[in-house]
Amino acid sequence: MYIGSGWLWPARHIISKNCAPRPAGSEIDLLVIHSISLPPNQFAGSKWIDDLFTNQLDPHAHPYFAQISRLQVSAHFLLDRHGHITQYVPLNLQAWHAGLSSFKGRGNCNDFSIGIELEGDEVTPYTSEQYKSLVRLTRLLREEYPAITKQRIVGHCHIAPERKSDPGDVFAWDWFYEQL
């Protein structure tokens, strides 16, 4: 695995328009871990997530989709239940994953972070394949962006605690940090 021109190789690449340039001079120094399942609490693979991140989610395909189909969101990466990695946004651009957020008094976490979605919910344990891929990907990202220290790897719950609780209590933070 390697990073070239902002893209992870090998990985599946699905390009999302839900991104923007990072502010001039911003250093990538935060990694944010999320969880996502579409429909909620179902693990149907990446098709619906791909559609959400590319503004193609059919609002009639599931009742929940009518609520979210107009959102313009993305992440840099998705790790499905088998540990397969999809990249939606190159690393030099900000993905729209953090929303209203703050880390150590610094707002707009999208400006200086990388977002990784794990296919899952906040109550079902993540798979060993996901953890293996996440560890490999995180190590590689830390080599590329050394300002991402262990203390700067957080969950969505840590940067938007009033709004978000992912990746949930089932995420094995202690084990994950030990692997890094």
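I take contact to mean heavy atoms within 4.5 Å. This is a predicted model, where local features need pLDDT of at least 70, side-chain atom pairs count only at pLDDT 80 or more, and totals for chains, interfaces and linings use all residues. Residues are numbered from 1 along each chain as its sequence is written, and side-chain values use heavy atoms, without hydrogens and water.

**Contacts and overall form.** I looked up contacts between residues at least 6 apart in sequence; 70% of them join residues at least 24 apart. Next I listed the elements: 5 helices and 12 strands (DSSP runs, H or I of at least four residues for helices, E of at least two for strands, numbered from the N terminus). The radius of gyration is 15 Å, close to the 16 Å of the globule rule for 180 residues, so the protein is as compact as a globular protein of that length. That radius is taken over C-alpha atoms, and the rule is 2.2 Å times the number of residues to the power 0.38.

**Burial and cores.** I found 52% of the 180 residues buried (under 20% relative accessible area, 1.4 Å probe, protein chains only). I then looked for nonpolar cores, sets of buried Ala, Val, Leu, Ile, Met, Phe, Trp, Tyr and Cys residues joined through side-chain atoms within 4.5 Å. The largest has 25 residues; Phe 77, Ile 114, Leu 141 and Phe 171 touch the most other members. Helix α3 (128-144) is one of the elements giving two or more residues, and α3 gives the most, with 6. A second, separate core of 14 residues includes Cys 19 and Tyr 88.

**One residue.** I checked Ile 114. Leaving out residues up to four places away in sequence, Ile 114 touches residues including Phe 77, Leu 141 and Ile 148.

Terms used
Buried < 20%, exposed > 50% of the residue type's maximum accessible area, 1.4 Å probe, protein only.
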